Amino acid sequence: PLEAMALIGLGFRDLSMSPAAIGPVKATVLSMDAAAVGALIETELARGSEGESLRPALTAFAKAQGVPI
């Protein structure tokens, strides 16, 4: 779900996944604000953190917004 959240934030609207992943990913996607995730990713990338993962920022965002991951 975290990776799907990032992809949706980047503008992807079609995702392919295993049937077992559909439920958790659907719950994440339906409860998130894609524009807010996109803004978060844009901000994090603008910081220029070389080689650092977006995972901590996305996880913190999801917890703060009540997005299930």
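Where does valine 67 lie? Valine 67 sits in the segment after α4 (55–65), with helices being DSSP runs of H or I, at least four residues, and strands runs of E, at least two, numbered from the N terminus.

A quick word on the model, everyone. It is predicted, so local features need pLDDT of at least 70 and side-chain atom pairs pLDDT 80 or more, while totals for chains, interfaces and linings use all residues. Residues are numbered from 1 along each chain as its sequence is written, and side-chain values use heavy atoms, without hydrogens or water.

Back to our valine. Valine 67 is buried, at a relative accessible area of 6%; buried means under 20%, exposed over 50%, partly exposed in between, with a 1.4 Å probe and protein chains only. Leaving out residues up to four places away in sequence, valine 67 touches Met5, Thr28, Ser31, Met32 and Ala62, where contact means heavy atoms within 4.5 Å.

Valine 67 also belongs to the largest nonpolar core, which has 12 residues, among them Met5, Met32, Phe61 and Ala62. Such a core is a set of buried Ala, Val, Leu, Ile, Met, Phe, Trp, Tyr and Cys residues joined through side-chain atoms within 4.5 Å. Two or more residues each come from α1 (2–9), α3 (34–46) and α4, and α1 gives the most, four.

Now have a look at α4 itself. Leu58, Phe61 and Ala62 are buried there. They span an arc of only 100 degrees around the axis, so they lie on the same side of α4; the arc is taken from the directions from the helix axis to the C-beta atoms. Pro56, Lys63 and Ala64, on the other side, are exposed.
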